[in-house]
Amino acid sequence: MSDKVMSMKDAVAKYVESGDVMCFGGFTTNRKPYAAVFEILRQGQKDFIGWSSPAGGDWDLLIGEGRVKAYINCYTANSGFTNVSRRFREAIEKGEILFEDYSQDVLMLQLHAAALGLPFLPTRFMAASGLTKYWGMSEEVRKKLEKVDDLKLVEMDNPFQPGEKCVAVPVPKLDTAIIHVQKASPDGTAIIYGDEFHDVDIAMAARKTIVTCEELVSNEEIRKDPSLPNVFAGCVDAVVHVPFGAWPSQCYDYYDDDPDLLREYDKASKYLDDNDAKAKMDKKKIPYDPDHMPENFKDFCEKWIYSLENHEQLLDKIGGSRLAKLKVVPGLGYSTYVK
């Protein structure tokens with residue numbers, strides 16, 4: 001069995017390229033591959049075509065830093081902390097990003113269809129809804145984008161039931177998928193405990209797949225119970241051992257989300273930088289002290305990402321006592337830390 005274990009720096013440098021069609025695993029504040037996202041931001045890759053089912057701060061950070069060219073999504077929020085991610089929302093309101101909207105059920109099925117290798121996906125979902133009528137990216141705009149399909153959808157007859165209408169939607173052609181799992185072995189076999197979300201699908205569908213893991217175990221150990229592995233080694237290119245690699249999101253049966261950090265991000269992401277904060281506060285007639293401006297998005301990124309060289313330095317900055325409070329209580333499945 002081949003050894004695919006790499007450092008985060010090397011894995012991102014080798015398998016994440018500017019212009020990639022990319023998808024992350026997890027769900028809003030659940031098992032998001034933040035350690036990998038932070039490294040992408042440090043390295044500077046950009047112009048991504050993002051495909052995402054319910055996303056959170058992972059894509060919001062990349063959008064806020066101007067790394068996303070087009071974003072195909074159904075929902076982006078840090079659930080329970082920010083109902084609609086702020087950098088994502090503002091980029092759309094200001095027309096700074098190309099955006100397409102599908103319903104959650106359709107987008108999840110599109111990612112599954114990608115794993116199956118289907119050329120397109122016929123579905124009954126979205127029919128007769130505003131999602132078929134209104135396109136975020138016009139056909140004209142789409143034709144100028146090399147890695148975006150020319151059409152959002154096609155309304156067609158069911159060839160097996162004449163007169164019955166359905167909606168045909170494109171299937172993403174993923175370049176890169178990054179998922180965070182609880183356990184992985186050097187050959188790329190991985191175990192996801194709890195809800196898989198769309199992680200297995202995108203790992204299978206992408207040309208390049210990076211798996212980050214809480215625990216790195218031997219190839220023999222991961223196969224002791226053959227019913228547990230759900231990510232096939234053959235579709236994985238790199239394995240990166242990063243304990244707390246989903247922080248500040250939660251990782252089922254290992255640790256809860258970090259409410260303090262997610263609240264900090266909620267406040268900071270209201271403002272892109274000091275000039276943005278001043279303009280918004282002036283507009284709302286909120287008094288402010290120029291020497292004590294509120295923390296903004298750029299401040300947050302500098303503090304938690306750019307000022308640090310790697311994930312190990314991030315863990316040192318977070319602190320062992322803070323991380324220990326997030327560990328789940330066996331039998332409960334969540335932390336009893338008072339939030």
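Reader: By class, how many nonpolar, polar and charged residues are in the lining of the largest cavity?

Author: First, a caution: this is a predicted model, in which local features need pLDDT of at least 70, side-chain atom pairs count only at pLDDT 80 or more, and totals for chains, interfaces and linings use all residues. Residues are numbered from 1 along each chain as its sequence is written, and side-chain values use heavy atoms, with hydrogens and water left out.

Author: On a 1 Å grid over the protein atoms alone, a cavity is a set of points where a 1.4 Å probe fits but cannot get out, and a pocket is an open set with protein on both sides within 12 Å along at least five of seven lines; lining residues have an atom within 4 Å of a point. As for classes, Ala, Val, Leu, Ile, Met, Phe, Trp, Tyr, Cys and Pro count as nonpolar, Asp, Glu, Lys and Arg as charged, and the others, Gly among them, as polar. Here the lining of the largest cavity has eight nonpolar residues, two polar and no charged ones. Among them are Y34, F38, N78 and F300.

Reader: Which element gives the most to the lining of the largest cavity?

Author: Helices (H or I, at least four residues) are DSSP runs, numbered from the N terminus. Helix 10 gives the most, with three residues.

Reader: How much space lies in the second largest cavity?

Author: A volume is the space filled by probe spheres set on the points, and grid points are joined across faces, edges and corners. The second largest cavity holds about 40 Å³, and its lining has five nonpolar, no polar and two charged residues. R142 and D149 are among the residues that line it.

Reader: Which residues lie nearest the centre of the largest pocket?

Author: They are R86, E90, K270, K280 and K284, out of 16 lining residues. About 400 Å³ of space lies in this pocket. Its lining divides into nine charged, four nonpolar and three polar residues, and helix 4 gives the most, with five.

Reader: How many disulfides does a search of the whole structure find?

Author: A disulfide is a covalent bond between the sulfur atoms of two cysteines. The cut-off is a pair of cysteine sulfur atoms within 2.5 Å. The search finds zero.

Conventions. Helix = DSSP H or I, 4+ residues; strand = E, 2+ residues; numbered from the N terminus.
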